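Dear colleague,

I am handing over the structure below for your records. My findings follow directly after it, and I would be grateful if you read them beside the model.

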Amino acid sequence: MASTPGGNPRTRVHVVSDVHGNIRDLARAGEGADALVCLGDLVLFLDYADHSRGIFPDLFGTRNADLIVELRTARRFEEAREFQRRLWAGIGTDKAAAIEKAVRRQYAELFAAFPTPTYATYGNVDMPPLWQEYAGPGTTVLDGQRVEIGGWTFGFVGGGLRTPMRTPYEIGDEEYAAKIEAVGEVDVLCTHIPPEVPELVYDTVARRFERGSRALLDAIRRTRPRYSLFGHVHQPLVRRMRIGATECVNVGHFASSGRPWRLEW
């Protein structure tokens, strides 16, 4: 815990989201901070900037990764799913087992890189059932729960809402809203996805609107946290904006930036 020139103690928290396999920078993300907060998407299935990186190209090669990115970017999701079905059929490997094996390899390294203490919630591409297996004693996993850090209350809600992409941890709107409600009034509201505001959910590179949460937006307006922190949208139209009394900040995309967002009070 740092101090001001007058000697008053201050708290610094570093926040990351959308780590997507960036183990090297994650290991340094907590330096100089009292705690690290991670808002999910640890796993790297496919790097849209470098199609040779991730679980998908490891299994099927870079050329097929190029094609799947092309289909998804064009929003041809059904064609993309059919293409993937043919790929899996071609290698004759159990899909769920192969993906879990690859995810486990990534989780073993990623969770080992977390500093103590770390407070983390899931992203939409994460596999929650595996987290407790890899989270060490210095890592607290929260979803629909609260924790106090330096006298401020932090609330955590993980996962994403259902989309045509069908990523591993997508849930229904009602279930997500219930987790937001369970968190209640907090100083800092930490989620993986942003509130449903066009400027915050539009990805300028993917050229599409990602799914944000109306329940989260309503909670921000109603409970007025100091901060709403989130990731999910890698290249947003706007990274930061104020909604009433709340400063809303996109703290990703850590995979490409390698720099945590810093909160100090």
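Across the whole structure, a search finds 14 aromatic pairs; rings of Phe, Tyr and Trp (its six-membered ring) pair if their centres lie within 6.5 Å, and planes under 30 degrees apart count as stacked, over 60 as edge-to-face and the rest as tilted. One of these is the edge-to-face pair of Y107 and W131, with 6.3 Å centre to centre and 85° between the planes. Because Y107 lies in helix α5 (residues 95–113) and W131 in helix α6 (residues 128–134), this pair ties together parts that are 24 residues apart in sequence. Helices (H or I, at least four residues) and strands (E, at least two) are DSSP runs, numbered from the N terminus. Y107 and W131 are both buried, where buried means under 20% relative accessible area, exposed over 50% and partly exposed in between (1.4 Å probe, protein chains only).

The ring centres of Y227 and W261 are 5.9 Å apart with their planes at 65°, so this pair is edge-to-face. Y227 belongs to strand β14 and W261 to strand β17 (residues 261–264), so the pair ties together parts that are 34 residues apart in sequence. Y227 and W261 are buried as well. Ring pairs also link Y107, F111, F114, Y122, W131, Y134 and Y169 into a cluster.

As to the source, this is a predicted model, in which local features need pLDDT of at least 70 and side-chain atom pairs count only at pLDDT 80 or more, while totals for chains, interfaces and linings use all residues. Residues are numbered from 1 along each chain as its sequence is written, and side-chain values use heavy atoms, with hydrogens and water left out.

Helix α9 (residues 214–223) has L216, L217, A219, I220 and T223 buried. Seen down the axis of α9, these buried residues fall within an arc of 160° and so line one face of the helix; the arc is that of the directions from the helix axis to the C-beta atoms. They pack against α7 (173–183), β11 (188–191), β14 (227–230), β15 (240–243) and β16 (246–250), contact meaning heavy atoms within 4.5 Å. After α9 comes R224, whose phi is positive, near 55°.

Finally, Q84 lies in helix α4 (residues 77–91) and is buried, with a relative accessible area of 15%. Not counting residues up to four places away in sequence, Q84 touches F56, I68 and R72.
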